[in-house]
Amino acid sequence: MDQYVVFGNPIGHSKSPLIHRLFAEQTGQDLEYATLLAPLDEFSDCARGFFKQGSGGNVTVPFKEEAFRLCDSLTPRARRAGAVNTLSKLADGTLQGDNTDGAGLVRDLTVNAGVELAGKRILILGAGGAVRGVLEPILAHKPQSLVIANRTVEKAEQLAREFDELGPVVASGFAWLQEPVDVIINATSASLAGELPPIADSLVEAGRTVCYDMMYGKEPTPFCQWATKLGAAKVLDGLGMLAEQAAEAFFIWRGVRPDTAPVLAELRRQLARG
Ligand code: ATR
C-alpha cells in the first residue's frame, strides 16, 4: 500500500493523519498515512530513509525550510514560498517539493467563505514564513492593495520588495495603519502567546471587514475575539486552511480532489471536544 507521513517535531497532535484518512475513505483511495517524529538535527536523513519506500509526505514546523533545501526539484510556488509542505516521490525516484499553504488559505477564503479578493484592500499581519507562503496566491487574485504590517518593519519591507513585481504590495508598521480595510489576515504567531498584534480598532469597519486568523484553537483566538467585538462581517480561523492545504496535497499525490466540508465538520467537532 502507498505510504505517506507528516514530518514534524513535535508531531503528536498533528491532525493530518485523521484528515488524510478521511479523504482516503471518502475517495476510495488505498493508502496509509502516519506521523513521523524527525529528530531536530536529522530531518534530511529521516526523509531520505522514509522515501526509500514512501510515496509522499507533508512537512510541518520546524522543517519546511529544510525540506525546501532537500528537494531535487521545486514547483514555482514552492520556490516563491521558500518553504515546502508537500513532498512527492516522482516516477524517476527524485523528490519534488510543493507548497500548498497559500492555495489552502485562498481557497478557504474565496470558496468556503465566499470572500472576493479582487479589487479589495487587504492587510496581512506578520512577515515570517507563513506570510511568504501566501503572498503569491493572494496577489494572483488582483487585490487593490496588499499591505504587509509587521512588528519588525524591515522584514515586511524585505518581503514587499521580493514580491512587488507580482502586484501592489507595500510594507508598514502596525501603528501607522488607521483606515479601514476589506480583509485582515493575521499570520503572526502572537495568538500562540495569547496576544494580539497592536493594531487600531479603526481598521475594522463593522459589517464590512473580513478577519481571518491563520491560527485556530478550542476557544476563539485573541484576534478572532477582537474582530467579533468590533462587528467584523466574517470572523474565520485557520482550521479551514488546514483542511484545504491537505486537500491540495492529496490532489497532487492521488489526482482526486476530496470534498473538504465533511472533514472540516469532523475537525470542528473534535476541536470542540478538546
Ligand atoms: P511563521 O513561520 O509562523 O511565520 P515566524 O517566521 O517565526 O513564524 O514569524 C512569526 C511572525 O509573528 C513574525 O512576523 C513576528 O514578528 P517579528 O518579525 O517582529 O518577530 C510575529 N509575531 C510573533 N509574536 C508577535 C506578537 N506578540 N505581536 C506581534 N507580532 C508577533
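Modeller: Helices (H or I, at least four residues) and strands (E, at least two) are DSSP runs, numbered from the N terminus. Please keep in mind that this is a predicted model, in which local features need pLDDT of at least 70 and side-chain atom pairs count only at pLDDT 80 or more, while totals for chains, interfaces and linings use all residues. Residues are numbered from 1 along each chain as its sequence is written, and side-chain values use heavy atoms, with hydrogens and water left out.

The axes of helix 1 and helix 9 come within 10 Å and cross at roughly 55°, which makes helix 1 oblique to helix 9. Axes are lines fitted to C-alpha atoms, for helices over the stretch in contact, with angles from 0 to 180 degrees between N-to-C directions; under 35 degrees counts as roughly parallel, over 145 as roughly antiparallel, 65 to 115 as roughly perpendicular and the rest as oblique. On the side of helix 1, the contact (heavy atoms within 4.5 Å) is made by I19, H20, F23, A24 and T27, and on the side of helix 9 by L242, A243, A246, A247, A249, F250 and W253. Sorted by class, this contact of helix 1 with helix 9 has ten nonpolar, two polar and no charged residues (Ala, Val, Leu, Ile, Met, Phe, Trp, Tyr, Cys and Pro count as nonpolar, Asp, Glu, Lys and Arg as charged, and the others, Gly among them, as polar).

Helix 9, which spans residues 239-254, also has a partner in helix 10, residues 260-273, and their axes come within 10 Å and cross at roughly 135°. These two helices are therefore oblique to each other, and helix 9 passes helix 10 in a right-handed crossing. Here L239, G240, A243, E244 and A247 of helix 9 meet T260, L264, L267, R268 and L271 of helix 10, and by class the contact has six nonpolar, two polar and two charged residues.

Helix 6 brings V131, R132, L135, E136 and L139 to the contact, and helix 7 brings L159, E162 and F163, giving five nonpolar, no polar and three charged residues by class.

Turning to the loops, K142 is found between helix 6 and strand 8 (145-149), and K142 has a positive phi of about 55° although it is not a glycine. In the loop between strand 1 (2-8) and helix 1 (16-27) lies P10, which is joined to N9 by a cis peptide bond with omega about 5°.

Finally, the ligand has 13 residues around it, of which A127, N150, T152, K155 and E195 come nearest (a residue counts as near if one of its heavy atoms lies within 4 Å). A backbone N or O atom of A127 lies 2.9 Å from an oxygen atom of the ligand.

Note on methods
A crossing is left-handed if the near helix is turned anticlockwise from the far one by less than a right angle, and right-handed if clockwise. A polar contact is a pair of N or O atoms within 3.5 Å; within protein, one must be able to donate a hydrogen and the other to accept it, and residues adjacent in sequence count only if both atoms are side-chain atoms.
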